[in-house]
Amino acid sequence: YLPQVRPGFLFFSIFVALLLFRKLVSSLSDKRHRMVIVFLFILTYLFFFINNMVRNHIYFKQASPLTVDNLFVREFYVSLFIENSDTISFIPREVNWIYQEFSTTKSAYEREKMVQKYLNLAGKEIAKDPSKFLVNRVKKLWFVWEKHNLFAYENTREPVAVFFIYWGNIALFVVSGLGTSLWMRKMKAGKTDQAEVWMTILYLILIIYISVLHAFTITAERFSLTAYPLVFLFAGYGLWTILKRLSNIFTHQ
C-alpha cells in the first residue's frame with residue numbers, strides 16, 4: 001500500500017516484496033509448489049497496481065503503475081529551490097512554473113520531452129554551484145524528520161507550543177535512538193528471534209530510505225510519518241529499559 005500513499009515508496013515496497021519472495025521460495029522444496037507461489041506472489045503484488053495501470057492505459061495510452069508523469073524528475077527539480085516546504089516563506093517562480101507546465105502533456109512522447117527538459121534545467125542549476133547542491137542534500141537528510149507542526153493545515157503559532165513541538169520531536173528521536181541501540185545490543189547477544197531481527201533491519205533501512213529519498217526530492221515533514229509507529233515503538237523500549245535499570249538501582253540501595 002505504501003506507493004499508493006507516496007509514490008516514492010515504490011522502490012522500498014519492491015525491496016520488501018523481494019525479501020518476502022526469497023523467504024517464501026526458499027522455504028519450499030517442491031518445484032510445483034514454488035511455481036504456484038511465484039505466480040500467486042506476482043499476481044498479489046501487481047493487484048494493487050492493476051486498476052491504476054488500466055485507467056492510465058484508457059485515458060493516457062500508457063500503462064503506468066502510479067502516474068504517467070515522472071514525478072521523481074519533477075520533485076528533484078523542485079528540491080533544487082525548496083529545502084523544506086514546511087518552513088519556506090514563499091514559492092520560487094521556477095517551482096510555480098513546473099507545477100503549471102509539467103502535467104500538461106498529451107502523449108508519452110511529450111512526457112519524455114518534458115522530463116528531458118527539466119533534467120537539463122536541473123543540470124544547469126546544479127552546475128551554477130555544485131557545493132551548494134551537496135550541502136543542501138546533506139541538510140535535507142534531517143529536514144524530513146523535523147516537526148514544526150502537529151497537523152497538516154491549522155496549527156498554533158504560539159512560540160511556547162512551537163518550541164515544545166520541535167524539541168519534543170528531537171527528544172523522541174534521542175530516546176528512540178537509545179532504544180534502538182539497546183535493542184541491537186540485545187540482538188547481538190542472541191536474545192531475539194529471527195522475526196524481531198528482520199523487523200529491526202527493515203526499520204533501519206526505512207529510516208535511511210526516507211532520509212535519502214527526500215534529500216533528492218521535495219521535502220515535507222509529514223513524509224516521514226510512515227516510520228513513526230516504529231520510532232515510538234523503539235522509544236517505548238528505550239524508556240522501559242531506562243526505568244527498569246533505575247528501578248534496579250533504587251531497589252538495591
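**Reading loops, helices and contacts**

Reader: Where is Arg157 found?

Author: Arg157 sits in the loop between helix H7 (130–143) and helix H8 (159–188). Keep in mind that this is a predicted model.

Reader: Is Arg157 buried or exposed?

Author: Read the relative accessible area; over 50% counts as exposed. Arg157 has 63% relative accessibility, so it counts as exposed.

Reader: Which residues does Arg157 touch?

Author: Set aside residues up to four places away in sequence. Arg157 then touches Asn149 and Val162.

Reader: Now take Arg74. Is it buried or exposed?

Author: The cut-off for buried is under 20%. Arg74 is at 17% relative accessibility, so it counts as buried. This arginine lies in helix H4. Beyond its neighbours within four places in sequence, Arg74 is in contact with Ile98, Tyr99 and Phe102.

Reader: What is the phi of Lys61?

Author: Start with the general rule. Most residues other than glycine have a negative phi. Here, phi of Lys61 is near 60 degrees, a positive value in a residue other than glycine. Lys61 is found in the loop between helix H3 (31–60) and H4. Its relative accessible area is 64%, so Lys61 is exposed.

Reader: On to helix pairs. At what angle do the axes of H4 and H6 cross?

Author: An angle under 35 degrees counts as roughly parallel. The axes of H4 (residues 71–79) and H6 cross at roughly 25 degrees and come within 10 Å. H4 and H6 are therefore roughly parallel to each other. The crossing of H4 past H6 is left-handed.

Reader: Which residues of H4 and H6 meet?

Author: From H4 come Val73, Phe76 and Tyr77. They meet Val115, Tyr118, Leu119, Leu121, Ala122 and Ile126 in H6. By class, this contact has nine nonpolar, no polar and no charged residues.

Reader: And how do H5 and H6 cross?

Author: Over 145 degrees counts as roughly antiparallel. The axes of H5 (residues 93–101) and H6 (residues 108–128) cross at roughly 170 degrees and come within 12 Å. H5 is therefore roughly antiparallel to H6. Trp97, Ile98 and Glu101 in H5 meet Met114, Lys117 and Tyr118 in H6. The contact of H5 with H6 divides into four nonpolar, no polar and two charged residues.

Reader: What angle do H8 and H10 make?

Author: From 65 to 115 degrees counts as roughly perpendicular. The axes of H8 and helix H10 (residues 228–252) cross at roughly 70 degrees and come within 7 Å. H8 is therefore roughly perpendicular to H10.

Reader: Which residues of H8 and H10 meet?

Author: Here is part of the list. The H8 side includes Asn169, Leu172, Phe173, Gly179, Trp183 and Lys186. On the H10 side, Tyr228, Phe232, Gly238, Thr241 and Arg245 are among them. The contact of H8 with H10 divides into 14 nonpolar, six polar and two charged residues.

Reader: Which element has the lowest mean pLDDT, and which the highest?

Author: Helix H1 (residues 2–5) has the lowest, at 79. H6 has the highest, at 96. H6 is also the partner of H4 and of H5 in the contacts above.

Definitions and conventions
Residues are numbered from 1 along each chain as its sequence is written. This is a predicted model: local features need pLDDT of at least 70, side-chain atom pairs count only at pLDDT 80 or more; totals for chains, interfaces and linings use all residues. Side-chain values use heavy atoms; hydrogens and water are left out. Axes are lines fitted to C-alpha atoms, for helices over the stretch in contact, and angles run from 0 to 180 degrees between N-to-C directions. Helices (H or I, at least four residues) and strands (E, at least two) are DSSP runs, numbered from the N terminus. Contact means heavy atoms within 4.5 Å. Ala, Val, Leu, Ile, Met, Phe, Trp, Tyr, Cys and Pro count as nonpolar, Asp, Glu, Lys and Arg as charged, and the others, Gly among them, as polar. A crossing is left-handed if the near helix is turned anticlockwise from the far one by less than a right angle, and right-handed if clockwise. pLDDT is the predictor's confidence in each residue, from 0 to 100. Buried means under 20% relative accessible area, exposed over 50%, partly exposed in between (1.4 Å probe, protein chains only).
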